[in-house]
Amino acid sequence: MSSAETEAAADFVAPGAARDWRGLRRALPLGLLLAVAFVIVPLAGTDYWFNAILIPFLIMALAGLGLNLLMGYAGQASLGTGAFMATGAYATYNLLLRLPDIPLPISLVLGGLIAGAVGVVVGLPSLRIKGFYLLASTLAAQFLLEWIFNQYGWFSNYSTSSSISAPKLAILGQDLSSPVGRYLMTLTAVVAIAAVAARLVKSQTGRAWSAVRDMDTAAAVIGVPVARSKLSAFFVGAAVCGVAGALWAFAYLGTVDARSFGLDRSFQVMFIIIVGGMGSIAGNFIGSAFIVLLPILLSQVSDRLFGGTVDAGQLANLQRIAFGALIIWFLIKEPAGLAALAERGWRRLRPSGTAGPERGSRPGNTGKIF
Amino acid sequence: MSASSAGPILELRDVSLSFKGVKALNALSFAVARGEICALIGPNGAGKSSLLNIINGVYRADEGEVVFDGAPFRRIRPLEAARRGIGRTFQHNALFKRLSVIDNVLAGLTRHSRTTLVEHAFGLPRDLAESRALRARAEDIIEHLELTPHRGTVVSTLPYGVQKRVDLARALVGRPSLLLLDEPMAGMNQDEKRQMSRFVTEANAVLGATVVLIEHDIGVVMDLSHHVVVLDYGRKVGDGTPRQVRNDPDVIAAYLGTVH
């Protein structure tokens with residue numbers, strides 16, 4: 001992974017002698033982070049940390065990445081994230097069930113590709129409508145797909161309860177059902193997909209996505225295939241969300257349950273990318289940390305401070321209020337998301353570093369260009 | 001100037017366009033010779049921008065046809081127009097504002113890309129080779145238009161005059177055979193206008209692009225262009241060399257005589 005990432009980073013900086021050195025300097029903190037995540041954390045982490053914190057954090061960051069590719073990079077608003085995740089989960093479940101000879105990683109990838117194909121269909125209205133209207137059409141897809149998975153028993157193998165237990169997780173005979181095994185499987189998938197995404201957004205494809213987002217009429221006029229770019233963004237975004245959904249079902253919950261992929265999930269993922277930063281890969285992880293981990297932190301802190309003295313239900317409400325207030329405060333501090341805030345802080349720490357792109361303005365355009 | 005092959009590069013035949021009953025263009029006909037710089041002038045609302053929009057497919061003509069490179073069409077999609085070699089800059093800023101200068105220019109090369117999504121995602125050899133080649137072309141244009149100091153800057157943070165130059169670079173990098181410029185010098189000071197005129201002349205003479213441009217500064221138009229077409233209320237009131245047009249009584253009455 002880190003070689004692909006390094007190359008992607010090196011592609012971005014000016015060509016010349018400084019290229020290798022700068023690429024290395026950029027890759028170093030990331031390499032350290034990965035070493036900690038792959039080596040130190042599995043040794044030091046507890047089951048509680050894996051099950052309740054790290055696995056959901058990673059999977060929601062991945063779902064955020066999927067939506068960010070679609071919405072943050074390509075500018076196509078979607079509330080279908082939950083449906084894409086459900087599609088990935090049910091597709092992977094059925095592949096594992098009906099084609100048990102296919103190894104787990106391949107089933108995950110195929111499940112993602114099936115979610116991507118569904119994403120293309122859901123994205124078809126984007127060829128005619130945009131903005132809030134597109135959002136409404138993806139909302140329809142969210143409800144429709146949720147309903148289909150509940151309505152037709154084939155998807156859940158005619159299980160009597162609406163949730164079905166996931167098959168045993170194993171790669172090459174290696175059992176992965178322990179918390180640390182599921183953590184490592186999730187981490188590997190998330191890192192691999194993030195590396196591909198980081199490369200993709202800096203490629204011709206990613207540039208075409210951003211062109212469509214910033215000014216679609218001009219994009220068509222200068223030769224960017226707008227329709228194809230929109231649909232490819234729906235494909236890739238939905239595929240990544242699909243893998244996230246499959247991991248949510250298999251590595252986190254242990255069951256496939258349509259109720260965990262409802263509209264609430266779509267909103268949660270959207271908040272992750274808004275808080276983390278649209279058009280940023282790192283922003284998904286920061287946003288996921290904020291949305292998934294902060295409530296846990298708040299409840300721990302408030303239990304310590306007020307445990308016993310304040311009514312428990314009251315306390316839960318207070319936590320939600322504090323959570324909402326923090327989101328508002330951060331968005332006022334930095335409308336472009338926590339990733340931009342972190343980048344500014346980073347640059348202030350290292351004034352010698354290359355100036356990254358300013359992320360001052362928000363997506364969306366004024367419309368009139370002629 | 002490029003060697004002129006047979007026939008004009010662009011010909012409009014009785015093109016009409018109306019918006020909700022208001023005629024924007026009225027049976028307009030003229031031809032643009034291969035390799036020339038043709039200026040469209042006329043008061044605001046004369047239909048100049050609408051005309052450019054018909055040529056590259058943003059609008060569809062109600063009547064008449066456009067012949068580009070010998071092929072007639074009534075309706076062409078903008079993407080198809082770009083693929084056939086029609087480049088375009090915009091009157092109002094239409095850059096990809098969150099992208100850097102180099103990325104904006106590279107976006108102008110999309111139609112020359114032959115690689116696929118999968119090759120981009122995994123950085124396969126064909127993608128790497130193509131990216132290198134396209135980047136070299138983009139760097140070349142950036143240097144040509146003296147944008148090198150700004151190459152990594154996000155365009156929305158650049159001064160207006162520089163953004164106009166980025167717009168030109170984005171259109172030029174794909175090596176269009178026909179370049180449509182919609183008020184490339186609007187809002188510029190004299191120095192910037194001189195500089196932009198030089199770039200347009202070079203695009204025409206060195207890169208061989210036929211240029212159709214809209215411009216209000218008559219001094220610039222007369223210096224820069226080989227051919228001037230004057231529009232007023234969607235009709236053509238003058239068509240000829242700058243000298244002919246300047247002395248045409250109809251043109252003087254319609255446009256040059258009035259103060260703007």
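In strand S7 of chain B, Ile86(B) has Leu178(B) as its bridge partner. This is a predicted model, where local features need pLDDT of at least 70, side-chain atom pairs count only at pLDDT 80 or more, and totals for chains, interfaces and linings use all residues. Residues are numbered from 1 along each chain as its sequence is written.

**The sheet in chain B**

- Three bridges join S6(B) to S7(B) (residues 178-182), and these two run parallel; strands pair if DSSP finds at least two bridges between them.
- Zooming out, the open sheet has six strands in the order S6-S7-S8-S3-S9-S10 (chain B), with mixed pairing; strands (E, at least two residues) and helices (H or I, at least four) are DSSP runs, numbered from the N terminus.
- S6 (86-88) and S10 (235-240) of chain B sit at the edges with a single partner strand each, so one side of each has no neighbour in the sheet.
- From one strand to the next, the twist averages 20°.

**The helix pair in chain A**

- H3(A) (residues 47-73) and H8(A) (residues 204-214) have axes that come within 8 Å and cross at roughly 50°; axes are lines fitted to C-alpha atoms, for helices over the stretch in contact, and angles run from 0 to 180 degrees between N-to-C directions.
- That is why H3(A) and H8(A) count as oblique to each other (under 35 degrees is roughly parallel, over 145 roughly antiparallel, 65 to 115 roughly perpendicular, and the rest oblique).
- Leu69(A), Gly72(A) and Tyr73(A) of H3(A) meet Trp209(A), Ser210(A) and Arg213(A) of H8(A), with contact meaning heavy atoms within 4.5 Å.

Definitions and conventions: Chains are lettered from A and ligands numbered from 1 in the order in which they are written. Side-chain values use heavy atoms; hydrogens and water are left out.
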